[in-house]
Amino acid sequence: MATKLPPTDAVVVGLGWAGAIIANQLVDAGLKVVGVERGPWRDTAKDFNIASVTDELRYAQRQELMLRTAQNTITMRNTPSQTALPMRQWGSFHPGNGTGGAGNHWAGITFRFQPEEFRLRSHLEERYGADSIPDELSLQDWGTDWDEMEPFYDAFEKVAGTSGRAGQLTSGQQDGGNPFEGARSSDYPTPPLRQTYAPTLFADTAREMGYTPFPVPSSLVSETYTNPLGVTMGPCTFCGFCTNYGCANYSKASAITTVLPALIRKENFEARTHCEVLEVTTDSGGRRATGIVYVDSAGRRWEQPAEIVIVAAFTFENVRLMLTSNIGEAYDPATRRGTTGRNYAYQTANNVQLFFDDKNFNPFIGGGAVGMGIDDFNNDNFDHAGLGFFGGGSTRVTPIGAAPINARPTPPGTPRWGSNWKRATVDNYASTMSIGCEASNYSSPNNYLSLDPTYRDRLGRPLLRITFDFTENDLRMAQYVTEKTAEIARRMNPRQIVANPRTGPWDGRPYQSSHVVGGFVMGADPGTSSVNKYLQVWGVPNLFVVGASAFPQNPGYNPTGTVGALAFKAADAIVNRYLRNPGEMIA
Amino acid sequence: MKTLTGFALALLPLSAWAASTEFQDIERGRYISVLGDCAACHTVDDDQPLAGGVPLETPFGTLIAPNITPDAATGLGRWNFEDFKAAMTEGVGRGGYHLYPAMPYPSYTLMEERDIRDLWAYLQTVTPVENDVDANQLPFPFSVRQVMLGWNLLNFDGRRFEPDPEQSDEINRGAYLVESLGHCGTCHTPRNFMGGEGGDKFSGASIEGWYAPNITPNRHVGIGNWSEEELVEYLQTGGNRYAFASGPMADEVHHSSQHWTEDDLYAVARYLLSGAGVDAADWDREPPEPLAEDNAQVRAGSHIYFDRCSGCHTPNGGGEPGIFPQLASNALLNSANTDSLIRVVLAGSRPVATDAKPTAPAMPAFAWNLSDDDVANVLTFVRNSWGNAAPAVSASEVADMRETLESE
């Protein structure tokens, strides 16, 4: 039995980006907020000391910052007819754990989704015809639009100190930025990072070919920055221990470097770490969330009643909590009814490797979001008529730092071990670069999340089951955008190129992307979405579920900027709309 | 008439010791307690303010700050104002026992009567906490409180604060705050062999394994390079471009100076930077020449600096304002005493976090991967680069601090 605690105004599940932002906004509005986090309290000074953080074995190989699969994992299969098996070591993606969440070990790439994305289905039907979207895709509008999203993107970037160069301001187009972005109300808070050789070479070539390269928007700040919460970040030093690592230099934005140092000082806020939430409790009719039940590190169970419940964990846990708490109707691919678990989507990661003889890229210099990119082949920035697919990818060179265990690029045909392999790694280490194409992944009726019927976690709860494979649409798209990327690569005149378009079936072993989205999506229609445009659960007005779980599909961009914007959007809706009429759906 | 006289007579002795219950007096007293930083020693748990229990390591042994809540059995509940005033100004507790000067009565004796009275009024309003503190943990013979009689004779003059008519009201206010309530000299003035303030005033001193730096207007080893704004910023927010408050000073900012009024902080800054309280002959000295670039320690240290330090402190020692202190022209690096410098390189340091500066960026610990020679060399390099000049640091100094830290 759970011990019942005194009630609070709001409880927030998860203290990563979304949870920390919402908690801070609600506390500033005068609410008493309890944040509950399944992992440890993380802190730059204590956990990410520069003298010990540069440890590839500990962080990249042994995945210290990631959720322990013994605590909680997922099961996976490609199709509904298969039996799913549990993932016992993270491969395809890297769920985080502890305060800051996956925002501690992210790369820092901070795109805004384009205006068309928020009404993707309508946009494609308008441009290519009402019947143009194939049945294998369940694309949807988000129920919101650019004008509603823009102020919250702006708020997130100002908290994160995001560096970059505007391509489109409301006042007009700017040189040097991304011409395809939506009009921004203000420029980036900090100027673009400096570039290393590989991105510079790529950008020069892309420009010669008529494309429009721009600095990748990056929440690794380029100069000392103090955000509106009073928290200060230091400039990125290109140390090369970035993606998969916590930042020792206070340069990579995360909840722990930008929000929590200020939030934890506020009297109305309390963080409970090492506390794993078991369920969202509801009243007998299921019309009102009454709080949460969680288990602490000693195995004791606690019930925390709250007037408002905000679930802001990682995509997987958001959806699993909704399934185990019987919120909404579980999605059934046979009937295509139900919304909880619907429209799970991923990212289609492609790349082209370039082996040179005469270049030295100093690849150990880098950061997760240092780089140059083009968007000429992303999303609907090019004409898809007659191509047989929709979507596209963000094409870019982002040298994240070539650490000694993992960064051993060798051309095809090189032995996998022995003296010839060693020689090849020496020959190619400094003279190899890669162009990535982080491409869209469009949702499909057969890709969904559900509770696994067989496997359970240590607390006896069913694991979350992923049923996912790349669609024909996405595989054709991958071939197309990778060929376009390879054209640029050939123009750069390396000795050899190796193009790696994503091919099916989805393989859970090699790392591809942690951008898992959907499963509890936002929209205007309760028949096809779980939350409204304020991230408020249809039919449970005092429950808000926030994160990439709300994306109806995934464009060719990294999700974090949009997760941050949605967190500000939900917080704004709670403070300025919901609290005026609590207990009701926001009109 | 008779009745009235009797009434008046009855009131008189009462008014002599009863604490004010007026809000403005109590609130003023609360601010006096902040200025005096009573909490630094008397508060262990923020939920039980002033209930005592903070151990103070002195060269003579350990003292534990007593409970000063109005609890009758274990606090000051049986004290009256005269008892309290005697403790503050004469170092004598209720019943006549002698306090040890870890309680800075040699500074508080300068307090104005009204401030003592209001502070007393405030202390009556603090929640009484039953917490029996055995304050005196000193070894014999220091445990015998009578020894303080002789100490007071030699080290304590019991004078009250006298404003200097030559100086502005603001400087005099600063003097009062620094000399009396702020008791800055308790840490920043060297002590003589008896633990009394001796040596050059404000010229810096060791305290609890840290170095409380020189706060004279000397530009090379003191705070003469700091602007008034920078000194106020440091006291108010816990950091400025040269330093973040760490060690005992972090507690001071946390409990005390971040809550001071801006007027009081500026008064302190003007007083300290004017040099009004110190004898120019004691601090106005020419800086030494830096060690040559080809000095073996400087050269070895420069390599370590560029590998291990320059990522944050930048290659030219400029630092990053608000997050990584500048090392160039930083007087804190030039002091003869290297306790704090060696300590923060070996053990790292987490400075104070304030609402104004919540980041509290940490200096990482290098004890596990820099040898005594490495630490000595890198400190010798930064102490002799970019406008700094100071004697070389020896590996044996580092070894001593390493031993101290391991025993902590």
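1. Start with chain B, where B:Phe81, B:Phe84, B:Lys85 and B:Met88 in helix 4 meet B:Ile116, B:Arg117 and B:Trp120 in helix 6. Meeting here is contact: C-beta atoms, placed from the backbone, within 7 Å. Helices are DSSP runs of H or I with at least four residues, strands are runs of E with at least two, and both are numbered from the N terminus.

2. A word on the source: this is a predicted model, where local features need pLDDT of at least 70, side-chain atom pairs count only at pLDDT 80 or more, and totals for chains, interfaces and linings use all residues. Residues are numbered from 1 along each chain as its sequence is written, with chains lettered from A and ligands numbered from 1 in the order in which they are written.

3. Now chain A, which has 13 helices and 24 strands. One open sheet of 4 strands there runs 5-4-21-20, with mixed pairing; to pair, two strands need at least two DSSP bridges between them. Strand 5 (85-86) and strand 20 (448-456) of chain A are its edges, each pairing on one side only.

4. Inside that sheet, strand 4 (residues 74-77) and strand 21 (residues 462-467) of chain A run parallel, joined by 4 bridges. A:Ile74 in chain A sits opposite A:Leu464 of strand 21.

5. As for overall dimensions, the C-alpha trace of chain A spans about 70 × 60 × 55 Å along its principal axes. Of chain A's contacts with a separation of 6 or more, 75% come from residues 24 or more positions apart.

Notes
Contact = placed C-beta atoms within 7 Å.
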